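User: Could you walk me through this protein, from its overall form down to some strand pairing?

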Amino acid sequence: MSAADFHQILGVTPDASAAEIKRAYKRLAMRWHPDRNPDPQAHDQFRRVREAFERLTQPAEDEATDNAAEASPPHKPRQSRPRGPDHRQDVTVDLTEAARGTTVTVTIEGREPCDDCDGSGQRSYGRTNMCGSCHGSGRLRRNGKLETCGDCGGKGFTTDNSCPSCQGRGWQPADRQLVVTVPPALLPGEELRIAGQGGPAPDGGEPGDLYLTLRTRPHPLFRLQHHDLHVAVPVSIFRMLAGGAIEVPTLDGLREVLLPEAATSAEIRVPEAGFPARGRRKAGDLVVHLAPQHPAFLSKEQKAMLEMAEQVLQHQLASQSPALAAWNNLLDAHR
Ligand SMILES: [Zn+2]
Ligand SMILES: [Zn+2]
């Protein structure tokens, strides 16, 4: 048998570390120990697993003692235990909550080993059969790579007697509620890291982290673009012409904005009145999109006033409206 065969028996890749080999051995030895597994092939499989482990770990020790640098024994770097996986999910808040900061209760989908089967997924060990495809290692060699055996899902055995409590999964859903503080001025798309709330580690190592990506619900008034806040504000056509103060909404309530006289631009930018600053990021602007509103009808009085305004305009057209003055000249030439 070659080293490659031993690797395959243990279901590890040829470049597996000593720690990985040891873990695989422990896992398979537990599974195929004749005391625990009455499968007729268990005894043979257990022996093969142990032999593979011994053959893969022995030469390494021999090399170590042959090594000339015996005076200073090779110092193995401390193998850090494998961490649990990081988990990611979204957390959705209102735009104002995102600006001011808030606390939210997050439901984390969790799993815990099934009590009824001690996490094995099986009613008993009595009816497990070694997988014929991978001969119990749970992995198959394909194109020179080891892949999880599809016939047994990587378990190394098949079972016809799955645990009724967990339908053979070996775990039960155990959702957790977590109260999370969302700091002020976090933008949608930014992440919050919650240490230690990710997946559990397989071998007693540290659990992974939970990453929450902030999302915001659509707001009835505001549209957030990066950190600028856009808002459409209807304004009467008279106010647009006369200029003056109008009230506009911000994330902090209402605010007065001064319209320039005879405003022509449909857009007013209020610096730093948008999404609040955070760290080195400056506050965004409030961009007010003016939506001029024409009255549905005019009163007699309004008509008279507008007529008067028009007459005054025609008297000083050259200065008040050069475009109209130029147009009148063109018309004259065309007469
Ligand atoms: Zn298999
Ligand atoms: Zn179960």
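Here are a few questions and answers about this predicted model.

User: Is the protein a compact globule or more spread out than one?

Analyst: Happy to start there! The protein has 8 helices and 17 strands. Its radius of gyration is 37 Å, whereas the globule rule gives 20 Å for 335 residues. The computed value is well over the rule, so the protein is more spread out than a compact globule.

User: How many residues of domain 1 are in contact with domain 2?

Analyst: The domain assignment places domain 1 at 87–131 + 158–216 and domain 2 at 222–296. Their C-alpha centres lie 43 Å apart. Contact here asks for C-beta atoms within 7 Å, and on the domain 2 side 8 residues take part. On the domain 1 side, the number is 8.

User: And what is the make-up of the side of domain 1 that touches domain 2?

Analyst: Good follow-up! No charged residues are found on that side of domain 1. The rest divide into 1 polar and 7 nonpolar.

User: In which sense do S13 and S17 pair, parallel or antiparallel?

Analyst: S13 covers residues 228–236, and S17 covers residues 286–293. Valine 233 has leucine 290 in S17 as its bridge partner. Over 8 bridges, the sense of the S13 and S17 pairing is parallel.

User: Which residue in the turn of the S12 and S13 hairpin has a positive phi?

Analyst: S12 (residues 222–225) pairs with S13 in the antiparallel sense over 4 bridges, and leucine 224 has leucine 229 as its bridge partner in S13. The hairpin leaves 2 residues between the strands. The one with a positive phi, about 55°, is histidine 226.

Terms used
Residues are numbered from 1 along each chain as its sequence is written. Chains are lettered from A and ligands numbered from 1 in the order in which they are written. This is a predicted model: local features need pLDDT of at least 70, side-chain atom pairs count only at pLDDT 80 or more; totals for chains, interfaces and linings use all residues. Domain bounds come from an automatic or database domain assignment. Two residues are in contact if their C-beta atoms, placed from the backbone, lie within 7 Å. Ala, Val, Leu, Ile, Met, Phe, Trp, Tyr, Cys and Pro count as nonpolar, Asp, Glu, Lys and Arg as charged, and the others, Gly among them, as polar. Two strands pair if DSSP finds at least two bridges between them. The radius of gyration is taken over C-alpha atoms; the globule rule is 2.2 Å times the number of residues to the power 0.38.
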